Amino acid sequence: MSSFSNEEFEFTFLDEGFTAKDILDQKINEVSSSDDKDAFYVADLGDIVKKHMRWHKALPRVTPFYAVKCNDSKAVVKTLAVLGAGFDCASKTEIQLVQSIGVPPERIIYANPCKQVSQIKHAASSGVQMMTFDSEVELMKVARAHPKAKLVLRITTDDSKAVCRLSVKFGATLKTSRLLLERAKELDLAIIGVSFHVGSGCTDPETFVQAISDARCVFDMGAELGFSMYLLDIGGGFPGSEDVKLKFEEITSVINPALDKYFPLDSGINIIAEPGRYYVASAFTLAVNIIAKKIVLKEQTGSDDEDDANDKTLMYYVNDGVYGSFNCILYDHAHVKPVLQKRPKPDDSCYSCSIWGPTCDGLDRIVERFNMPELQVGDWILFENMGAYTVAAASTFNGFQRPTIHYVISRPAWQLMQQIKEQGFLAEVEEQDVASLPLSCAWESGIEYPATCASASINV
Ligand SMILES: Cc1ncc(COP(=O)(O)O)c(C=O)c1O
């Protein structure tokens with residue numbers, strides 16, 4: 001293994017044949033004889049590269065503006081910046097983060113319809129012009145604080161079937177949209193387009209179709225009022241892992257014809273999206289350690305319930321919880337699934353178990369009920385697909401620190417990233433079979449790096 005640092009974060013190059021899981025096992029082995037078994041992540045930056053290739057193939061007309069709120073780790077942001085993505089920032093701090101790694105203001109949309117005036121002024125002074133709005137008050141604030149802003153009108157969607165609804169808080173109806181366009185005209189503001197968000201964790205692709213058609217109506221209203229609008233922003237809502245009913249390509253196969261119908265190629269409209277979860281969920285695996293355990297003997301119930309086959313249930317306490325990475329259970333409606341780090345023996349008995357976080361709060365429960373073999377204090381439990389809305393909102397409540405993140409990337413993924421950075425999306429890169437890209441590989445074993453890898457710093 002060779003580790004590289006580029007001031008802000010370290011990452012490890014992987015060699016062919018192994019997976020990011022091997023790094024995880026290695027980290028666990030390293031601390032096997034110590035008491036120091038803190039929870040940690042392994043994040044495969046190659047998985048993000050792979051997602052980017054998949055995006056380009058499935059939504060060729062749509063430029064991704066990564067939603068920083070989803071996971072603001074510098075390594076993630078930097079990887080996406082190198083790949084040429086734009087960024088959806090919700091605040092001054094997110095704008096500063098993205099700009100600190102050299103992203104130009106044209107690649108940033110300030111996609112928060114309700115902003116503090118001082119932060120609008122910050123956007124103005126740092127050259128960020130694109131921003132969303134959905135109310136008259138916001139228009140008046142922008143007219144004073146950032147009159148050169150390029151405004152994007154956020155409309156509501158029917159997000160009733162999404163896992164996390166957003167239109168309860170944001171978005172203008174079609175009727176209100178007309179009034180807002182009229183008011184913007186009076187204030188001499190530039191409206192450049194329309195945005196929407198179908199809700200995070202979209203379960204019905206038809207919501208996109210309706211929203212795209214509504215956006216078309218608003219473009220037509222804008223044209224009537226003399227605006228030349230040229231930007232459609234289709235928001236987020238795309239799945240980030242495969243453990244979902246509705247797959248990414250099932251959604252995009254519905255979106256593409258709708259875009260072609262309402263915003264055909266020759267309309268000259270630029271189309272962007274604000275994917276968050278899509279890019280990061282599957283790249284992060286979390287390893288937590290069992291710090292305490294309780295055996296609860298069952299009362300005799302006489303029940304035929306299968307779970308009553310054993311006379312005890314088990315409670316495990318681990319060193320990350322809902323006030324840390326698992327805040328996704330509370331805020332993102334996540335259902336997490338434990339994976340045993342040690343392969344169980346086929347004849348091991350299974351018990352009904354619950355898994356709890358380390359804080360003193362009774363709310364801090366990660367898994368209510370799961371059947372698994374008996375584990376001991378010091379054993380590890382893994383949670384996959386932990387990159388979205390986890391680290392970004394984790395607190396240090398009760399003094400429990402956030403887990404360290406170990407970044408890894410395979411050399412083919414690294415080289416592909418460099419190729420995209422230098423030459424954009426080449427025809428050969430586009431043709432490449434994304435699924436066959438070897439992204440998770442083995443330990444580096446003393447082989448010389450190619451010149452491109454030797455410096456191992458990610459420059460935007
Ligand atoms: C304005 C906006 N854009 C994009 C996103 C990212 O959504 P997702 O993670 O579903 O792609 C969110 C999430 O809350 C959002 O509020």
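The buried residues of α6 pack against α5 (117-125), β7 (130-133), β8 (150-154) and α7 (174-186), with contact taken as heavy atoms within 4.5 Å. This is a predicted model, in which local features need pLDDT of at least 70 and side-chain atom pairs count only at pLDDT 80 or more, while totals for chains, interfaces and linings use all residues. Residues are numbered from 1 along each chain as its sequence is written, and side-chain values use heavy atoms, leaving out hydrogens and water. Helices (H or I, at least four residues) and strands (E, at least two) are DSSP runs numbered from the N terminus.

In α6 (residues 136-145), the buried set is made up of E138, L139, K141, V142 and A145. Looking down the axis of α6, these buried residues fall within an arc of 165°, so they line one face of the helix; the arc is that of the directions from the helix axis to the C-beta atoms. Buried here means under 20% relative accessible area, exposed over 50%, and partly exposed in between (1.4 Å probe, protein chains only). V137 and R144 are exposed and sit on the face of α6 turned away from its buried side. Where α6 starts, a side-chain oxygen of S135 comes to within 3.2 Å of the backbone nitrogen of E138.

Now for C360, which UniProt lists for "active site" in an unreviewed entry; such annotations may be inferred rather than shown by experiment. C360 lies in the loop between β15 (350-356) and β16 (365-373), and counts as exposed because its relative accessibility is 76%.

L330, in helix α11 (residues 327-331), is partly exposed at 37% relative accessible area. Leaving aside residues up to four places away in sequence, L330 touches V322 and L363.

Note on methods. A polar contact is a pair of N or O atoms within 3.5 Å; within protein, one must be able to donate a hydrogen and the other to accept it, and residues adjacent in sequence count only if both atoms are side-chain atoms.
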